[in-house]
Amino acid sequence: MSDKKLRSDIVNLRVVAILAVIFGHSTTIYWYNWTDYRTTQEAPVFAHVGNLAMLVLGLWMLISGFCVGFTLRGKQFRDFFIKRFTRLVIPYWLVALIWMIPIRLLIGYPGYEGQSFLYIIWRNIFLGYDNGQLWYLPTLFFYSVIAWFINFCLKKYRWADIFAFAISVMMLIFYTKYTWHGASLMRSPTFSPFFLYFSFFMLGFILFNHEAAIRKYMTKPLLVVGFVLMLVAVGFMYMGRGGTFVQLIAVWLCLVVVFFPYA
């Protein structure tokens, strides 16, 4: 696979993820559990779409992990760090300072009421307490830096990424356990996305590193089982039913199956 060759399957997955995000955000006005803004609009079919957010975000993170693995090849840390910082951190601050904060101030955003401009930047942007959908950029930046060190360890330890994935799963278990008990630390904007989505990112990173070996096990019967589990998982997630961790396990398998549609 040359550096200039496009992966059509990855491009297609990105299209699916983009369309899913657009569709999801276009239905937020109907979500019964969306507490940021109240609405009088009702559409029962779209009211549960927000429950599928984990599936869509998991797909995004998986694609990101796979692409970071491709980007890492032969890169020194300095060059990789500068490139990721330029593509993720700088846009994060530019969009926040030039677009998001000014627009919110103009429309009288309730979250900024009684706060100074410097405090808004410090708390909401630097600490990330209210950065809207921009949270994805700094989170992905930190994931990328960690991936570089894991990739460095792979030169000596073949299964370093598998070990890191196991840790990410334990992080997710830890997150879900303490979220259920209302722990404020795990609900913080800094730790919450990191704990919740790192396993999906690592899954994509592993798929890149061990793609050839994994493809050997992607038989048609396994794909059929995965497709059925996908439908079951989506149904349970849409209705907001079932245990959180059980659903996430199903989503992991669904994403792997989606990644290998041509066994």
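Predicted model: local features only at pLDDT ≥ 70, side-chain atom pairs only at ≥ 80, totals over all residues.

User: OK. How many helices and strands does the protein have?

Analyst: There are 10 helices and 0 strands.

User: What share of the contacts comes from residues 24 or more positions apart?

Analyst: Taking the contacts with a separation of 6 or more, 74% are between residues 24 or more positions apart.

User: What comes just after α2?

Analyst: Gly74 does, and it takes a positive phi of about 70°.

User: How does α1 pack against α2?

Analyst: Helix α1, residues 8-26, packs on α2 at an angle of about 150°, and the two axes are 10 Å apart. The two helices are therefore roughly antiparallel to each other. Why that label? Because an angle over 145 degrees counts as roughly antiparallel. The crossing of α1 past α2 is left-handed.

User: Which residues meet there?

Analyst: From α1 they are Ile10, Leu13, Arg14, Val16, Ala17, Ile18, Ala20 and Val21, and from α2 they are Val56, Leu59, Trp60, Ile63, Phe66 and Cys67. By class, this contact of α1 with α2 has 13 nonpolar residues, no polar ones and 1 charged.

User: Some of those numbers go up in threes and fours. Why would residues three or four places apart point the same way?

Analyst: An α-helix has 3.6 residues a turn, so residues at that spacing point the same way.

User: Next one. At what angle do α2 and α3 cross?

Analyst: Roughly 140°, with the axes coming within 11 Å; α3 is residues 77-106. That angle makes α2 oblique to α3. The crossing is right-handed. Val68, Thr71 and Leu72 of α2 make the contact with Phe80, Lys83 and Arg84 of α3. This contact of α2 with α3 holds 3 nonpolar, 1 polar and 2 charged residues.

User: And how does α10 sit against α2?

Analyst: Helix α10, residues 244-259, packs with α2 at about 50°, and their axes are 10 Å apart. That makes α2 oblique to α10. Their crossing is right-handed. On the α2 side the contact is made by Met54, Leu55, Gly58, Leu59, Leu62 and Phe66, and on the α10 side by Leu248, Val251, Leu255 and Phe259. Those residues of the contact of α2 with α10 divide into 9 nonpolar, 1 polar and no charged.

User: Which residues of α10 are buried?

Analyst: Among them are Leu248, Val251, Leu255 and Phe259. Trp252 of α10 is also buried.

User: What span should α10 have?

Analyst: Its 16 residues should span 22 Å at 1.5 Å a residue, and the end C-alpha atoms are 23 Å apart, which agrees.

User: Back to Met54. Is it buried or exposed?

Analyst: Met54 is buried, with a relative accessible area of 15%. The cut-off for buried is under 20%, so Met54 qualifies.

User: What does Met54 touch?

Analyst: Apart from neighbours within four places in sequence, Met54 is in contact with Leu196, Tyr197, Phe200, Met237 and Leu248. Met237 is 183 residues away along the chain, and its C-alpha atom is separated from that of Met54 by 8.7 Å.

User: Last topic. Where is Ser199?

Analyst: Ser199 is in helix α7, residues 191-209. It is buried, with a relative accessible area of 0%. Leaving out neighbours within four places in sequence, Ser199 contacts Phe165, Ser168, Val169, Leu172 and Trp252.

User: How far is Ser199 from Gly65?

Analyst: Their C-alpha atoms are separated by 9.7 Å, and the two residues are 134 residues apart along the chain.

Key:
Residues numbered from 1 in each chain as written. Heavy atoms only, no water. Buried < 20%, exposed > 50% of the residue type's maximum accessible area, 1.4 Å probe, protein only. Contact = heavy atoms within 4.5 Å. Helix = DSSP H or I, 4+ residues; strand = E, 2+ residues; numbered from the N terminus. Axes fitted to C-alpha atoms, helices over the stretch in contact; angles between N-to-C directions. Parallel < 35°, antiparallel > 145°, perpendicular 65-115°, else oblique. Left-handed = near helix turned anticlockwise from the far one by under 90°. Nonpolar A, V, L, I, M, F, W, Y, C, P; charged D, E, K, R; others polar. Expected span 1.5 Å × (residues − 1).
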